[in-house]
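Hello,

Here is the structure I promised to pass on. Please open it first, then read my notes below.

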Amino acid sequence: MASENGEKLDLSFNAAPDPKPRKEWVLLSLRVISFLATSSATLVMALNKQTKNLVVATIGTTPVTIPLTAKFNHTPAFIFFVIVNAIASVYNLVVIAVDILGPQYDYKGLRLGLIAILDVMIMALAATGDGAATFMAELGRNGNSHARWEKICDKFEAYCNRGGAALVASFIGIILLLVVTVMSITKLLKLNRI
């Protein structure tokens, strides 16, 4: 079929796809945003610390105060949260490098299968860290009257707010990891159908 300029138009369905399809860039962009979210959650929580002078007793009319510090490493759930988000950040960084450099070294789709499996594992690991940290944040915010655990967020408000921001960033990272995992598995399934 010819056009007005005398050029031949190719209307066949077997045209070669672009070397870097749009989905590749979408997947890479989601991975970069997930990396930024999990690494910011790691840094915010790891640097989270607040010191305050609190009244612990009163002798006569004189209050006795001592400085108390709230740090993330006082709670094992927050330590786990930091470690898990650091692992997810490093993993995302490695996979970003593999996505950029990997296609020239891939052997029969092995890279895609391995990435899909590791995506699922990292997402599950990050979800457990977020669940543990969310439980401790809820306990710090509201306490537990049945167990007689007092809330601390009324005394260390800045500490709790920064911890909450780290949790939000990490949950954004997990949602993006979920989307990336689904896209990785879909990509792997499409490769196996051909």
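**Salt bridges**

Asp154 is partly exposed, at 46% relative accessible area (buried means under 20%, exposed over 50%, partly exposed in between, with a 1.4 Å probe and protein chains only). Its salt-bridge partner is Lys155, at 3.4 Å, N to O. A salt bridge here is a side-chain nitrogen of Lys or Arg within 4 Å of a carboxyl oxygen of Asp or Glu. Lys155 is partly exposed too, at 32%.

A word on the source: this is a predicted model, where local features need pLDDT of at least 70, side-chain atom pairs count only at pLDDT 80 or more, and totals for chains, interfaces and linings use all residues. Residues are numbered from 1 along each chain as its sequence is written, and side-chain values use heavy atoms, without hydrogens and water.

The whole structure has three salt bridges. Asp99 meets Arg31 at 3.6 Å, N to O. That pair joins helix α2 (residues 76-101) to helix α1 (residues 22-46), 68 residues apart. Helices (H or I, at least four residues) and strands (E, at least two) are DSSP runs, numbered from the N terminus. Arg31 also meets Asp119, at 2.8 Å, N to O. This pair links α1 to α3, 88 residues apart. Asp99 is buried at 8%, and Arg31 is buried at 0%. Asp119 is buried as well.

**Hairpin**

Strands β1 (residues 49-59) and β2 (residues 62-71) run antiparallel, joined by ten bridges. Strands pair if DSSP finds at least two bridges between them. Lys49 has Lys71 as its bridge partner. Gly60, in the turn, has a positive phi of about 70°.

Best wishes
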